[in-house]
Amino acid sequence: MFFNSDCLVRLSNPNIATMKEDILYHFNLTTSRHNFPAMFGDVKFVCVGGSPSRMKAFIRYVGAELGLDSPDRDYPNICAGTDRYAMYKVGPVLSVSHGMGIPSISIMLHELIKLLYHARCSDVTIIRIGTSGGIVEMGSRHVGQAGLELLTSGDVLASASQNVRIAGLEPGSVVITEQAVDTCFKAEFEQIILGKRVVRKTDLNKQLVQELFVCSTELSEFPTVVGNTMCTLDFYEGQGRLDGAFCSYTEKDKQTYLQAAYTAGVRNIEMESSVFAAMCSACGLQAAVVCVTLLNRLEGDQISSPCNVLAEFQQRPQRLVSYFIKKKLGKA
């Protein structure tokens with residue numbers, strides 16, 4: 001597989017070039033003590049997800065799929081000197097945990113992007129794999145193993161104008177994000193910097209979305225859709241749940257909001273995609289978000305599936321992304 005060595009990771013910070021040393025505090029890595037090009041210069045794929053255990057399981061899985069694993073091989077945590085994040089590597093694949101929510105993944109991304117920059121990595125693809133709650137019209141819009149269908153904004157508007165009643169995306173379905181949107185369904189990420197409102201776009205790489213969708217078709221192992229992902233600031237009130245410590249709205253209010261989200265193209269809800277898309281786009285990284293749905297948000301708020309079922313669900317984005325990497329490397 002040919003990679004374009006000219007497509008280097010870029011920073012948007014002139015201060016970095018004047019620094020004698022760059023300390024990536026939350027990774028326990030520094031440019032003065034670590035040879036970044038030697039450690040990470042061959043990285044072409046970065047996969048990030050919430051928990052250290054999930055990302056270690058992913059690196060073991062992808063290592064086996066690429067033929068780089070062995071029964072006695074261990075994958076040491078490159079960030080072992082800190083308890084903030086975990087990082088694992090096999091061949092050209094880097095696997096990093098990002099914690100939960102926008103603040104945690106934002107800190108991780110700042111240091112990850114600088115790591116890739118200092119390592120002079122080129123043509124890097126970064127994919128967030130995670131979990132979410134799903135909402136999508138069923139029936140003709142359902143995407144099953146036998147026939148995958150791309151959901152377009154035109155479909156959404158047409159169904160909304162016809163007042164189609166929506167049901168939920170079934171648990172275990174995988175959503176490939178077309179756009180990350182905020183809780184007002186805008187494709188933007190807003191941050192207050194030095195007291196000023198800064199807004200960045202949250203577009204993701206369209207070609208990468210299509211490539212992942214084709215891979216899901218070829219695998220044909222689980223339902224998959226392409227749609228917008230709504231990123232919220234918390235798990236409970238921000239996502240319209242009725243089971244948090246606080247709730248000032250009704251079930252009817254919740255259903256009305258989720259129907260509006262569906263009409264706006266939203267297919268799942270999580271807490272990291274907007275800042276992930278904004279930061280990756282700003283530094284020229286090809287980025288995608290692939291999440292499995294753990295529950296139908298139109299039918300409830302609590303995750304009640306058995307642990308073994310949830311464990312298998314969480315493996316689905318890993319299998320899809322691993323297949324994509326194998327295909328890109330010519331090993332599928």
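**Salt bridges**

I ran the count of salt bridges and got 16. I keep in mind that this is a predicted model.

I looked up Asp74 and Lys56 next. Their side chains meet in a salt bridge, at 3.8 Å from N to O. Asp74 sits in the loop between helix 2 and strand 4, and Lys56 sits in helix 2, so the pair ties together parts that are 18 residues apart in sequence. I checked the exposure of both ends. Asp74 has a relative accessible area of 48% and is partly exposed. Lys56 is partly exposed too, with a value of 25%.

Then I turned to Arg128 and Glu272. I find a salt bridge between their side chains, 3.1 Å from N to O. This pair links distant parts of the chain, 144 residues apart. Arg128 belongs to strand 6 (residues 125–134), while Glu272 lies in the loop between strand 11 (266–270) and helix 7 (273–282). Are these two buried or exposed? Arg128 has 2% relative accessibility, so I note it as buried, the cut-off being under 20%. Glu272, at 6%, counts as buried as well.

My last pair was Glu312 and Arg319. They form a salt bridge, and their closest N and O atoms are 3.3 Å apart. Glu312 is partly exposed at 26% relative accessibility. Arg319 counts as buried at 18%. I followed the shared partners from here. Salt bridges join Glu221, Glu312, Arg316 and Arg319 into one network.

**Strand 7**

I wanted to know how enclosed strand 7 (residues 174–181) is. Of its 8 residues, 6 are buried, so the strand is largely enclosed by the rest of the structure.

Next I listed two pairings. Strand 7 runs parallel to strand 10 (residues 224–231), with 6 bridges between them. Strand 7 and strand 12 (residues 286–296) run antiparallel and are joined by 3 bridges. In strand 12, Ile176 has Val290 as its bridge partner.

**Helix 5 against helix 8**

At what angle do helix 5 (residues 206–219) and helix 8 (residues 307–328) pack? I read about 105 degrees, with the axes 9 Å apart. That makes helix 5 roughly perpendicular to helix 8, because the class covers 65 to 115 degrees.

Helix 5 contributes Leu208, Glu211, Leu212, Val214, Cys215, Ser216, Glu218 and Leu219. From helix 8 come Arg319, Leu320, Tyr323, Phe324, Lys327 and Lys328. I sorted the residues of this contact by type: 8 are nonpolar, 1 is polar and 5 are charged.

**Leu68**

I finished in a loop. Leu68 lies between helix 2 (52–65) and strand 4 (87–90). It is partly exposed, with a relative accessible area of 31%.

Which residues does Leu68 touch, not counting those up to four places away in sequence? I find Gly63, Arg73, Tyr75, Val90 and Gly91. I took the spacing to Gly91 as well. Leu68 and Gly91 are 23 residues apart in sequence, and their C-alpha atoms are 7.3 Å apart in space.

Methods: Residues numbered from 1 in each chain as written. Predicted model: local features only at pLDDT ≥ 70, side-chain atom pairs only at ≥ 80, totals over all residues. Heavy atoms only, no water. Helix = DSSP H or I, 4+ residues; strand = E, 2+ residues; numbered from the N terminus. Buried < 20%, exposed > 50% of the residue type's maximum accessible area, 1.4 Å probe, protein only. Contact = heavy atoms within 4.5 Å. Axes fitted to C-alpha atoms, helices over the stretch in contact; angles between N-to-C directions. Parallel < 35°, antiparallel > 145°, perpendicular 65-115°, else oblique. Nonpolar A, V, L, I, M, F, W, Y, C, P; charged D, E, K, R; others polar. Pairing = 2+ DSSP bridges. Salt bridge = Lys/Arg side-chain N within 4 Å of Asp/Glu carboxyl O.
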